[in-house]
Amino acid sequence: MAQKISPKRRFLSGLFGGRKGDRPPVGNPTSIVSQELMEKTGIYFPQAHLEPKQMAELAAAGHEILGFDSIMPEFSVQQEAAALGCEMDWGSPSMMPDARTHPFQRVEDLSIPENLLEKPSLKVVLEALNILRRQYGHEVAIVGKVMGPWTISYHMAGTQNFLLWAITEPDKVRRFLEVLKEVTVLFAQAQFQAGADVVVLADHATGDLVSPKTYEKFLLPVHKELVQRIGGPLILHICGNCADRLRMFVEAGFDGYHFEWQVAAREAVQVINREMSLVGNINNATTLLRGTPEDVYKQVRYSVKAGVDIIAPECAVPLQTPVRNLRAIVEAAQEGF
Amino acid sequence: MLKPEDFYRVLREVDFGPIEELVKKAVAEGHSAPQILNEGLIAGMSILGQEFKARELWVPDVLLAARNMHRGIEILKPMFSKEGGGSKGKIVLGTVKGDIHDIGKNLVSIMMTGSGLEVIDVGVDVPAEKFVATIQEHQPQIIGLSALLTTTMLEMRNVVEAIKGSSYDVKPYVIVGGAPVTEAFAQEIGADGYGPDAVSGVEVVMKLLKNRV
């Protein structure tokens, strides 16, 4: 068996398609917090979205208790929306946060505050990353997360409005993306500076909502620019069945793509041809939430054999996910390649 | 003769001009409102629905078509009250408690309305009791539940139980859908039907309505 290496080296090697260590890395580009994990740590939502020490400690449980090779402290997808002025419902231990208002219907309404990174919902993430860096930075991969301009636009204007504009007012969509991409750049760069090894860029132009053409027309040029300007390693997260646009993600220049179970892993590996790493794609709804550890084991081994570079749940796990199923991911990966 | 393809084409236009023109022309030619609705708008929407199912069209296209369809129906409305309409069935739609996502539900609503069903949309974050209350208030034949999140999907079980356990003599069928929902899950929680997408949802409803009659 290959030499045992630290979680951080394992994760980074997987991200860059490098030397294989002792076993496949297990990472979490999106939240792996569940109610059971909250009970085990005594740290609960919504406080863990708002207070840096609690955010860091709950995130670290993903490594300490579940055995993942990465720690990712941003659990919600709403930190940017809150910083930009959407009214928030921060949820509860059984509910993720959601923006309650989408007040920005015109480009003129959008403005990026000068002290953006000082806004509490962003500052908390930067501080949590900093805490984690100091405590775990030597051996565990520290993962940050930012929303791309497409996702932030959903929150600003309402998803349905924004999607309709893609046909009725394409110029408006372009201008929203132009303005809001600056939020993504600023927050991502700050996360690297705060201590992230890699940042997940989530931009929900999902395979179930928009066509590959829409991605190509509106987002591909923006994503290319983001990759260049941010500078640090990025994992793209877009949910849904994106099998028809994987090459576009390669073209954008991302280091990794975090993908869902409904995208066939073997085909994805073939299409991507090692030009980008694949992170995923253990099924949430059927396997992790409602399956047994044996079901999880089978899926993990399938993904490893298919050539997925970093094994991870396909998306933020449901809050009722049993801890034993999350541990089963790591246990299955420990069998090696 | 009304051509569904003509209606399909104007449903996809960005402006209201073409749909208004086509509907008014059909009226002028002497077609009745139900005829224009069924053989024109609904037939056109059905072509669009099939293309959506086949991933040739996407959510923005359907949202646009819905906007146009509403405009077309508005023009026909005054004629309906004169001639008398009559829907194929009544369905209550809502997103379950804890979930504020409504696009999936809205697509289903669009497709159902587009198929001649009367849709009562009770919105998002709807508690089980509110779904049950609609049985008396609206007497729907079917109640449709939506959830986007794996977390809130589990709430569907409570709603199904509340409806099935309610004291009404005639209980509506319950159908479920949404990204994380599967056929197996629908069966497990005792739902009467499941559709993987909005168009299949309409097919499920039509089948259930046949059973009831």
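**Where the chains meet**

Tutor: On one side of this meeting place are 18 residues of chain B, which are in contact with 22 residues of chain A; two residues are in contact if their C-beta atoms, placed from the backbone, lie within 7 Å. The model is predicted: local features need pLDDT of at least 70, side-chain atom pairs count only at pLDDT 80 or more, and totals for chains, interfaces and linings use all residues. Residues are numbered from 1 along each chain as its sequence is written, while chains are lettered from A and ligands numbered from 1 in the order in which they are written.

On the side of chain B that touches chain A, two or more residues come from each of helix 4, helix 5 (103-113) and helix 7 (150-153) of chain B. Helices (H or I, at least four residues) and strands (E, at least two) are DSSP runs, numbered from the N terminus. Helix 4 of chain B gives the most to this side, with five residues. By class, the side of chain B that touches chain A has 12 nonpolar, five polar and one charged residues. Here Ala, Val, Leu, Ile, Met, Phe, Trp, Tyr, Cys and Pro count as nonpolar, Asp, Glu, Lys and Arg as charged, and the others, Gly among them, as polar.

Chain B is divided into domain 1 (4-83) and domain 2 (90-212), with bounds that come from an automatic or database domain assignment. The C-alpha centres of these two domains of chain B lie 25 Å apart. Between them, 11 residues of domain 1 of chain B are in contact with nine residues of domain 2 of chain B. Helix 3 (33-53) and helix 4 (59-83) of chain B each supply at least two residues of the side of domain 1 that touches domain 2. On that side, helix 3 of chain B gives the most, with seven residues. The residues of domain 1 of chain B that touch domain 2 of chain B divide into seven nonpolar, three polar and one charged.
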